Amino acid sequence: MATPRRPTRRVLPGFNITLGYTLLYLSLIVLIPLSALVFKTFSMSWAQFWEAVASPRVLAAYRLSFGASLIAALVNVVFGLLVAWVLVRYSFPGKKIVDALVDLPFALPTAVAGISLTALLADNGWVGQVFAPLGLQLAFNPNGVVIALIFIGLPFVVRTVQPVLEDAEKELEEAASSLGATRWQTFSRVILPSIAPALLTGFAMAFARAVGEYGSVIFIAGNMPMVSEITPLIIIAKLEQYDYAGATAVASVMLGISFVLLLVINALQAWQRQRSGGAMA
């Protein structure tokens, strides 16, 4: 006679209750605020909406925000991978200190980061005074925006790629080397396919953080219209002018573009995982 199975005791409540709490929490934190943003935008006519989101000043802010975020995220993919590689594959004095410094942009208030970067990169700062005689200004222009976004986005790539590198099988690299593969072939055909989804995830997180960044950029950008004015500053300016509909319109455009870009990145991640799975099979 078969022994009757005892019902499994779960730590969390049943599926229905858990799903209900999940949907309620997401609605309160995410869906309702975003819905309010969209509904406020619908209160405008098409002509008013287009005037708010397509003026030359706003278009210049779009180009700077998304362009600088894209450049910063691409730079962080390269150097974030190098930092993660060094932290995983090598042992050296002060390694724990370097590992802790990677998380500094997480812990540092964004305003403090912006003031610190401005003090360093201004023409009379420790770093800026080296480049100023060469005609290269690092602060109060788009260069400063990119540098600030690189600073705040680096931890996302490092912390996303680091655990994947730690779990990677070194035997595959040794096998490729023993079969005569060069270092570049080993990296491009063995290592890179396994960490590509993590790299894309880190890129997406760094890009998403950079697009909406305000505190660390506002001090170093210079905030010159048509030159170094970011889109979040445009939104703040409209709110200060009590143009709530215009602010929500600009925010809706940023939300839509960011959502499309993240969908594309997620599709690339799924394609990369499917390709890697097919290759391993």
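I take helices (H or I, at least four residues) and strands (E, at least two) as DSSP runs, numbered from the N terminus. I am working on a predicted model, where local features need pLDDT of at least 70, side-chain atom pairs count only at pLDDT 80 or more, and totals for chains, interfaces and linings use all residues. I number residues from 1 along each chain as its sequence is written, and side-chain values use heavy atoms, with hydrogens and water left out.

**Confidence**

I looked up pLDDT, the predictor's confidence in each residue, from 0 to 100. The protein averages 84, and 93% of the residues score at least 70. Confidence is highest in α3, at 92, and lowest in helix α9 (residues 170-178), at a mean of 73. I keep in mind that where pLDDT is low, the predicted coordinates should not be read in detail.

**Annotated spans**

The unreviewed entry gives "transmembrane region" for residues 21-42, 62-88, 100-122, 134-158, 214-237 and 249-271. I checked two of these spans. Residues 21-42 are 100% helix and 0% strand, with end C-alpha atoms 30 Å apart. Residues 249-271 are also 100% helix and 0% strand, and their end C-alpha atoms lie 33 Å apart.

UniProt (unreviewed entry) also places "domain: ABC transmembrane type-1" at residues 62-265. I find 76% helix and 0% strand there, with the end C-alpha atoms 20 Å apart.

**Helix α3 and its partners**

The axes of α3 (residues 56-89) and α8 (residues 142-167) come within 5 Å and cross at roughly 40°. The two helices are therefore oblique to each other (under 35 degrees is roughly parallel, over 145 roughly antiparallel, 65 to 115 roughly perpendicular, the rest oblique).

I then took α10 (residues 183-211). Its axis and that of α3 come within 9 Å and cross at roughly 135°. That makes α3 oblique to α10.

**Aromatic pairs**

I searched the whole structure and got 6 aromatic pairs (ring centres of Phe, Tyr and Trp, its six-membered ring, within 6.5 Å; planes under 30 degrees apart are stacked, over 60 edge-to-face, the rest tilted). Phe106 and Phe156 have ring centres 5.1 Å apart and planes at 85°, so the pair is edge-to-face. Phe106 lies in α5 (residues 104-107) and Phe156 in α8, so the pair ties together parts 50 residues apart in sequence.

Definitions and conventions. Axes are lines fitted to C-alpha atoms, for helices over the stretch in contact, and angles run from 0 to 180 degrees between N-to-C directions. UniProt positions are given in the numbering used here, feature names are shortened, and annotations may be inferred rather than shown by experiment.
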